Structure formats: structure tokens, C-alpha cells
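Subject: Two-chain model for you to look at

Hi,

Here is the structure I promised to pass on. Have a look at it first, and then read on for what turned up.

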Amino acid sequence: MRSHDPLIDRLTESVQPVQRVWPTPWRVAGWIAAALPCGALSSWAFHTRLTDWSQPGAGIALSALLLALVIAGSSVAAAFTLSIAGRKPLSLYGLLLLAGLWLTLNLFNLSASVPPAGAGRLGEGIHCYLFMLSASLPMMLLSVVALQRTRSLHPAKSLALAGCGSAFSSSMLLSLCHDTHLHLIDFSMHLAAGLTIVALTMIVGRRWVRLAQA
Amino acid sequence: MPETDNRARLWPHLMARAQEGDKHAYNLLLKAMVPAIRALACKKISDAALVEDVIQETLLAIHRVRHTYDPQRPILPWVAAITSARAIDALRQRGRRQEVQDEDALNHQPAESAEVATEADELTSYLGNLPLRQREIVESVHLREQSLAQAAAETNQSVSAVKSLLHRAMLNLRKFGNNHEKS
């Protein structure tokens with residue numbers, strides 16, 4: 001058995017007062033309060049119109065929007081909780097269930113819609129893809145900065161969850177300036193943007209969030 | 001671990017004081033934690049030397065994330081999660097290192113015995129070219145297989161200073177090696 005006293009003495013010498021991490025609900029509230037306005041500003045160039053909530057399918061679109069906000073908050077809460085050693089997020093199955101419900105609502109809106117002439121072209125989908133990416137950039141940054149404060153023993157999972165939070169938040173912002181009904185290519189591009197955001201968050205954040213070995 | 005549980009009852013209080021900068025409380029806490037960390041690491045690792053490395057890594061990790069502990073919560077799950085993650089990392093690293101060593105051994109086996117003496121001479125001459133501090137770090141980390149934390153503690157430096165010295169030493173060794181091949 002080796003003596004660890006010299007190392008402990010060295011660590012003790014360098015100890016300084018530290019600011020405890022805020023409770024998770026406060027951190028999530030802070031993240032949402034900062035991420036949504038930043039996302040709206042960074043995607044400003046892609047705003048073309050405001051959603052006309054008198055269109056058919058508005059009820060479903062509004063439900064999907066609120067659900068996206070709930071999923072975003074829950075994902076970020078799960079990411080923050082998981083990043084602290086010894087804590088487990090509430091239920092990832094619940095989160096998956098909500099995501100399934102969100103997908104069902106959107107698919108329902110998709111199949112119920114009657115595409116107007118010229119709709120469903122790739123161009124509209126690419127616009128949505130770029131909107132979601134530009135809206136999510138500051139959100140990704142905020143997530144990585146927030147996770148960097150606590151570091152994580154499970155960086156991949158924490159970052160994937162934080163990425164989901166950014167993806168659903170930007171999808172929610174997109175719903176505010178999008179037709180209430182969806183078209184197949186358009187919705188596929190929304191999903192592709194979501195996957196890109198999760199992958200980017202994981203790739204970019206890994207180095208900063210990992211609790212590296214000495 | 002009922003004994004540990006009993007002793008650990010004071011730990012949240014000590015950690016709360018340590019978070020406020022109380023060095024004495026922090027020292028007591030870390031020293032009290034070592035047997036518990038050892039017991040937790042031994043559940044995953046049988047190699048005694050690796051267990052000791054895991055203890056050091058865990059102490060360093062606890063130091064870096066001490067602000068994430070909430071004194072209202074039990075402390076053992078927090079310590080156990082950090083120890084477990086560090087033990088798994090250590091096992092993974094050792095697995096990787098052994099794979100590399102095994103591959104090298106297979107590739108060089110026939111020539112090995114004849115070349116041992118020459119290699120030892122070459123190694124000594126390369127190390128002799130390094131500045132003293134760089135040579136000491138290479139010897140402790142690569143020849144005596146100490147962890148960075150141990151090397152840092154032994155030479156009274158920070159881990160990042162050790163890393164930087166090691167990096168510079170490796171660059172120098174590579175340079176010497178290239179020059180040697182050319183000549």
C-alpha cells in the first residue's frame with residue numbers, strides 16, 4: 001500500500017473556496033432564459049414570416065411546439081443531472097416517450113396536410129435545416145459552457161442529452177415562423193438538422209466536458 | 001461497508017467546510033476517504049499497483065469537481081461514482097497498453113535478445129542528451145511506470161508542468177532519434 005499523504009498535502013495546499021453548483025432546476029431555467037433569445041437572434045437572418053395560427057393543423061402544431069419545449073427542458077435537466085457524479089436523471093424512458101409523442105403529432109400533421117402547389121421542394125427543407133443549425137449554435141455553446149463547469153464522468157451521454165435539448169429548442173423556435181402543416185422532405189430536413197445538432201454538440205463538447213485523467 | 005458509513009457521517013460537513021476553503025477539514029477528509037476509495041477500487045481491480053493509481057486519480061478528480069458536491073446529499077454515492085469511473089478508465093488504459101506491448105513483443109521477439117544490449121546503450125545515450133529535469137520525468141513515467149500524479153508529487157511540481165516537461169522530452173528524443181537515423 002502506497003502512502004497518498006504527499007499528494008493529499010499538495011492538494012490541500014492548493015485548496016481555495018469554491019462556488020457550489022446551482023440546483024439543476026435553476027440551471028435549466030437559466031439555460032432556457034439565455035438559450036431561447038440567443039437562438040432567436042442568431043437565426044434572425046432566416047426569419048421569413050410569422051406562423052399564421054389560423055391555418056388548418058394549428059392545434060397540432062401548437063401542441064408539438066409546447067411538447068418540444070418540455071422535451072428540451074427535460075433533456076437539458078437530464079444532461080445537467082447526469083454530469084454530476086452519483087446522480088441519475090429522472091427517467092430517460094419518459095423522455096423517449098415524449099419524443100415519440102412529438103414525432104407522432106408531427107407525422108399526423110404531415111399526413112393530414114394537403115401540400116399547396118410548389119410546396120415540399122428541397123429548398124424549403126434546406127431553409128429549415130439552416131434555420132435550426134443557426135438557432136442551435138448559441139444553445140450548443142451555452143450547453144458546453146454549463147457542462148464544462150461541472151465536467152462529466154459520462155461526457156458522451158451528457159452531451160447527447162444537451163444536444164437533444166438544443167435540437168428541440170431550435171425546432172420550437174422554427175415552429176414560430178413555419179407553416180402549421182408539414183411536408184415530407186421539409187420534415188425530413190428538420191429531423192436531419194436535429195441529428196446534426198446532437199452530433200455536433202457531442203463532437204465539439206467532448207474535449208471540454210470530459211473529466212480527463214491527470 | 002457499515003464501518004465506512006459510520007465514519008462517512010462527518011464527511012459532508014468536512015466537505016462543506018473544504019468548499020469554503022478550510023484546508024484542515026479538506027486534509028482530514030481526503031485522508032479519511034482513502035480507505036473507502038481503496039475498498040471501492042478493490043471491488044473492480046485485483047492488481048494492487050493499479051488500485052493505488054486509481055486512488056490517486058480519484059483524489060485528483062475529487063479535487064477538481066469538489067464544487068459539484070451538495071452537502072445536503074449523502075457523500076458516498078458521489079465518491080463511489082468517481083472511483084468507479086476512474087477504475088474503469090484505468091482498466092481500459094491498461095488493456096490498451098497491454099495490447100500495444102503484446103504486439104510489439106510479437107514483432108520484435110526473434111531479434112530481441114541480440115539487440116537488447118545495443119538498445120540499452122542507445123537509450124542511455126539518448127537520455128543522457130536530455131536536460132536533467134526532462135530526463136528525470138521520462139525515467140519516472142516511462143521507465144519506472146509511475147503515474148503523472150506520482151511523478152508530480154515526487155518532483156514537487158504540478159501535473160501540468162510534468163505533462164509539459166514530458167512533451168518537450170519526447171520532442172527532443174524524437175529529434176535525437178531522427179538525427180541518429182540520418183547519421
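A definition to begin with: the bounds of a domain, as the word is used here, come from an automatic or database domain assignment. On that basis chain B splits into domain 1, covering 2-90, and domain 2, covering 130-182. Taken over C-alpha atoms, the centres of domain 1 and domain 2 of chain B lie 29 Å apart. Please keep in mind that this is a predicted model.

Staying with chain B, the secondary structure amounts to 8 helices and 0 strands, and the order along the sequence reads α-α-α-α-α-α-α-α. Chain B has 183 residues, and 29% of them are buried. For contacts in chain B with a separation of 6 or more, 62% come from residues 24 or more positions apart.

One helix pair in chain B may interest you. Helix α2 (residues 11-19) and helix α3 (residues 23-44) of chain B have axes that come within 8 Å and cross at roughly 140 degrees. Because of that angle, α2(B) counts as oblique to α3(B); the cut-off for roughly antiparallel is over 145 degrees. The crossing of α2(B) and α3(B) is left-handed.

Which residues in α2(B) and α3(B) meet? From α2(B) they are B:Trp11, B:Leu14, B:Met15, B:Arg17 and B:Ala18, and from α3(B) they are B:Ala25, B:Tyr26, B:Leu28, B:Leu29 and B:Ala32. Sorted by class, this contact of α2(B) with α3(B) holds 9 nonpolar residues, no polar ones and 1 charged one.

Now to chain A. Its C-alpha trace spans about 75 × 35 × 25 Å along the principal axes. Chain A contains 7 helices and 0 strands, running α-α-α-α-α-α-α from the N terminus. Of the 214 residues in chain A, 42% count as buried. When contacts in chain A between residues at least 6 apart in sequence are considered, 93% join residues at least 24 apart.

Finally, the contact between the chains. Chain A brings 25 residues to the contact and chain B brings 35 residues. On the side of chain A that touches chain B, helix α1 (residues 5-13) of chain A gives the most, with 7 residues. The residues on that side of chain A comprise 13 nonpolar, 7 polar and 5 charged.

Best wishes

Technical notes. Residues numbered from 1 in each chain as written. Chains lettered and ligands numbered in written order. Predicted model: local features only at pLDDT ≥ 70, side-chain atom pairs only at ≥ 80, totals over all residues. Contact = placed C-beta atoms within 7 Å. Helix = DSSP H or I, 4+ residues; strand = E, 2+ residues; numbered from the N terminus. Nonpolar A, V, L, I, M, F, W, Y, C, P; charged D, E, K, R; others polar. Axes fitted to C-alpha atoms, helices over the stretch in contact; angles between N-to-C directions. Parallel < 35°, antiparallel > 145°, perpendicular 65-115°, else oblique. Left-handed = near helix turned anticlockwise from the far one by under 90°. Buried ≥ 20, exposed ≤ 12 C-beta atoms within 10 Å, placed from the backbone.
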